[in-house]
Amino acid sequence: MTKPSLPELLHAAVTAVGGTERPGQVAMAEAVVEAIDGGSHLLVQAGTGTGKSLGYLVPALAHGERVVVATATLALQRQLVERDLPRTVDALHPQLRRRPEFAMLKGRSNYLCLHRLHEGVPQDEEDGLFDQFEAAAPTSKLGQDLLRMRDWADETETGDRDDLTPGVSDRAWAQVSVSSRECLGATKCAYGAECFAESARERAKLSDVVVTNHALLAIDAIEGAPVLPQHEVLIVDEAHELVSRVTGVATGELTPGQVNRAVRRAAKLVNEKAADQLQTAAEGFERLMELALPGRLEEIPEDLGYALMALRDACRTVISAIGTTRDKSVQDEDAVRKQALASVESVHDVAERITNGSEWDVVWYERHEPRGGAAYRHSGASLRVAPMSVSGLLREKLFTDRSVVLTSATLKLGGDFNGVGASLGLAPEGTEGDDVPQWKGVDVGSPFDYRKQGILYVAKHLARPARDGDRGDMLDELTELIQAAGGRTLGLFSSMRAAQLAAEELRSRIPEYPILLQGEETLGELIKNFAADPGTCLFGTLSLWQGVDVPGPSCQLVVMDKIPFPRPDDPLMSARQKAVEEAGGNGFMAVAATHAALLMAQGAGRLVRASGDRGVVAVLDQRLATARYGSYLKASLPDFWFTTDRNQVRKSLAAIDAKARQTEAAGQTEAAGQTESG
């Protein structure tokens, strides 16, 4: 029997999921096959509506070797495991003459821990374990959540937090889950045979396709202990998010609350001398943190250096002493010891990393709003350390021993792939060399006609936005645009404060258009309510720039209050910018403009989600039309029709609104007619 061709397989899969074949999807699938067969790497930009998940799943399943697919969001993981993969596997089974298996794999703390659930949680202030179910009042929200999770534990097959609906707070989940450091290990745990995290790993080992998240991919790359099963092909979807997720995993933090927790947990398990040494070091660290001012530490001050060395040494003493001391009053000593060790080791590792002072690390103080509770009684400051760049780490860990495909709707910035390539550790496309990963960038376009479907409007007449300055003219402009659009507006703001101010002001100016504000409801609820009522607007910040998928008339105006450059006092971004400048490059373009271009491309992508969508992306920042870097940012956006004419844009919005109202009215008339005839 001849091997089925790629177009045949793709056709079968697209039909099975009820989609439409797109030329971009075929081009993408062919490029993926070429990369996998040639053992090289691919960056593929596929616009919204291309059907990119099938563009990589079909070649991956046809390849026959194990493939790992990593995504940034839970929504896409769910879509792959619950919709795209089951249907694609069913559709390809007759032609491939095998049924590829697939599984989801996440980090250990995402799964319910049966040991914690049944044996209790090691308690800091008391001996041994305590029963969290008895300790929490059954009438409290925490108590109700815990009881619900105990019932759920008997019926769930996965133990995966994301399968628990409705969800629970982080605090409740922490009572029934463990980190990989706190886990006793399957062989030492009484519940090892039934462990949800272990069975997820076993399923992954037996699967042809393993779906995971960027964070687990980062842990697998950084920590050296393999978490993911051996695989020949890695596909990174939502790849524009990868660098920030890897940076997040590679960032260490020390807070007084965290250090004090380690002291309390270790005190029962070591001799008095070791416990006192750690207590003294913790007090010294806490005193310094009370005086900490936010900002980067280009050099570690002498007093902080001494405090960190004292912490590091005290942690070392405790780690070696924990193994030898046995306190007869402690019940379930293994679990208590494991949790104490995990706490002390994480303090030790960060203190040692900052003390060693790598030139590739950035260290800074950060202050937080103080929250209630004993753990936060202390100063709301933390000491943080993050890699200046993760490009070297990614080049070394990601692009060796396997073929990597990275895909997203936004990988081409300013017209080429080299900017994103550089952030991933890749030399410019076409660079030859023994140790240079070979890659190719392919843009398969979008099925949408952006010039006919959308307008990019820059409010050139507005005053240049000043940091924290009054933007009355911007609010006037925003009010008029929303009125012209008849609501239907997604407002993307550069800070939460700007979003709150705009929502407050506009709620009183135009009460006929309800304004939903991020933070006042869960994100899922907000998006659902925004989609349900066309007159409604939704305002928010970062997660809305890339998390909203609302096709149709509810979202016909996307407004950006200003170009989303990183804050000038962001320690990590400014350190990265400075490093590029010291190496002779343009730090502003390489860091700040690239960051802004990526977010703006994602934000503008919220407008056109289907072939019938029409609307306007309005940028209320004149710099997009007047500054030198404006053309770079514009080249990163979809190819909308461009204007700075405010009257033209109001007319267009009013026309789009009128057409949507006509369609809505026709739909209501038709529905009423059907009800009468029924």
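**Reading helix α23 and its surroundings**

Author: Let's start with a packing picture: the buried residues of α23 pack against α11 (242-249), β9 (295-296), β10 (361-367), β11 (381-387) and α24 (587-604). Helices (H or I, at least four residues) and strands (E, at least two) are DSSP runs numbered from the N terminus. Contact means heavy atoms within 4.5 Å. This is a predicted model, in which local features need pLDDT of at least 70 and side-chain atom pairs count only at pLDDT 80 or more, while totals for chains, interfaces and linings use all residues. Residues are numbered from 1 along each chain as its sequence is written, and side-chain values use heavy atoms, with hydrogens and water left out.

Reader: Which residues of α23 are buried?

Author: Buried means under 20% relative accessible area, exposed over 50%, and partly exposed in between (1.4 Å probe, protein chains only). In α23, the buried residues are P571, L572, M573, A575 and R576.

Reader: And how far does α23 reach from its first C-alpha to its last?

Author: The expected span of a helix is 1.5 Å times one less than its number of residues. With 12 residues, α23 reaches 16 Å, close to the 16 Å expected. At its start, a side-chain oxygen of D570 comes to within 3.0 Å of the backbone nitrogen of L572. After the helix comes G584, with a positive phi near 90°.

Reader: What does the side chain of H41 reach?

Author: A polar contact is a pair of N or O atoms within 3.5 Å; within protein, one must be able to donate a hydrogen and the other to accept it, and residues adjacent in sequence count only if both atoms are side-chain atoms. The H41 side chain reaches the backbone oxygen of F399 at 3.4 Å and the backbone nitrogen of V404 at 3.1 Å. H41 lies in strand β1 (residues 41-45) and is buried, with a relative accessible area of 5%.

Reader: How many aromatic pairs does a search of the whole structure find?

Author: A pair of aromatic rings is described by the distance of the centres and the angle of the planes. Rings of Phe, Tyr and Trp (its six-membered ring) pair if their centres lie within 6.5 Å; planes under 30 degrees apart count as stacked, over 60 as edge-to-face and the rest as tilted. The search finds seven pairs. The rings of Y450 and F640 have centres 5.4 Å apart and planes at 90°, so this pair is edge-to-face. Y450 is in helix α18 (residues 450-453) and F640 in the loop between α26 (630-635) and β20 (641-643), so the pair ties together parts that are 190 residues apart in sequence. Both Y450 and F640 are buried. F565 and Y629 also form an edge-to-face pair, at 5.4 Å centre to centre with 85° between the planes.

Reader: Which residues have the most contacts inside the largest nonpolar core?

Author: A nonpolar core is a set of buried Ala, Val, Leu, Ile, Met, Phe, Trp, Tyr and Cys residues joined through side-chain atoms within 4.5 Å. The largest has 90 residues, and those with the most contacts inside it are L43, L112, L406, L424, L490, V617 and L633. Its largest share, eight residues, comes from α24. A second, separate core of 40 residues includes L10, M28, A35 and V58.

Reader: Where is T541 placed?

Author: T541 sits in the loop between β17 (537-540) and α22 (542-547). Its C-alpha and that of L492 are separated by 5.6 Å, though the two residues are 49 residues apart along the chain. T541 is buried, with a relative accessible area of 15%.
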